[in-house]
Amino acid sequence: MPKLRVHNFAISVDGYAAGPDQDLDNPLGVGGRRLHEWVFVTRAGRRMMGMEGGETGVDDDFIAAGIVGIGATVMGRNMFGPIRGAWPDDEWKGWWGDEPPYHHPVFVLTHYPRPPITMEGGTTFHFVVDGIESALEQAFAAAGGNDVRLGGGASAVQQYLRAGLIDDLHLVIVPTLLGGGERLFDHLGGGLEGYECVQFVSSPSVAHVRLAKTTA
C-alpha cells in the first residue's frame, strides 16, 4: 500500500525547522540555511541542484533515499514561497527556477485558489484549497501506485502528524541553535503518539532519526 513519507526534514537542537522572518532573502528564515548546509556537500544533494561532485556516505545515502519510489509531493504554502494571503498575480512560481527538482506533480496546501503551474522537467504545481486529506488523496492518485513525499514546512508536517497520516518520518538533527522560528513539535497535543524509532545513525555533521507509524 502506498505510504506518505517525510525525508531529510532538518531541525535544530532546539527543535526549529525554520528560522524567523522568512522572506525572499531568507527562504528558510533568518539562520535557517544552517539547517541544510549538510545537504549541499553530498553527491545526491549537489546532483539535485545540477552540480557535480560531492561526498558519499551516510548523509548522501539518506538524501538519495528520499526520491526512491516517490510519485508525487505535498507541501505547505510556506515551503512554496514567502507570499501570504491572496495571490497578487501568477508571477511567483516557487524558489527553484524554471526546472524544479521534483519532476512529478506537487500539491501545495493553500487557502487561496490558483491555476496549476506546469514547469520544465515534469513538475506541475497544483494548489489545493480543501484541506490536507484532499491534497493527499489527489497526490496518491497522481503518484500512480508510488509513495507520496511530504516536503514541509513545519505546519504542514504538524497537520499530517495530528491526523495520523504520516507513515514514515525521517528527521535530521543539526547541531545548531536557532532560538526562534517554527518548531516542528509544537501544536501536537503534548507529544508524538503512535510512532516508534526504527533507525538512528549519525555522521560527523548530523544525526538521522527515522520514526515509523506503529500498527494498531
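I take a patch to be made of residues with over 30% relative accessible area and no salt bridge, like charges being joined within 9 Å and nonpolar side chains (Val, Leu, Ile, Met, Phe, Trp, Tyr) within 5 Å. A salt bridge is a side-chain nitrogen of Lys or Arg within 4 Å of a carboxyl oxygen of Asp or Glu. Accessible areas come from the Shrake-Rupley method with a 1.4 Å probe, and for residues only the protein chains shown count as cover.

The model is predicted: local features need pLDDT of at least 70, side-chain atom pairs count only at pLDDT 80 or more, and totals for chains, interfaces and linings use all residues. Residues are numbered from 1 along each chain as its sequence is written, and side-chain values use heavy atoms, with hydrogens and water left out.

Entry 1, surface. I found a nonpolar surface patch of Met48, Met49, Met51, Ile67 and Val68, with about 450 Å² of accessible area together. Val68 sits in the loop between helix H2 (58-65) and strand E3 (70-76); helices (H or I, at least four residues) and strands (E, at least two) are DSSP runs numbered from the N terminus. I noted Val68 as exposed, at 55% relative accessible area (buried is under 20%, exposed over 50%, partly exposed in between).

I located Ile173 in strand E8 (residues 168-174), partly exposed at 31%. Beyond neighbours within four places in sequence, Ile173 is in contact with Ile11, Val206, Ala207 and Val209 (heavy atoms within 4.5 Å).

I read the order of an open nine-stranded sheet as E5-E6-E4-E3-E7-E1-E8-E11-E10, with mixed pairing (at least two DSSP bridges between two strands). Its edge strands are E5 (117-118) and E10 (195-202).

Notes: Buried means under 20% relative accessible area, exposed over 50%, partly exposed in between (1.4 Å probe, protein chains only).
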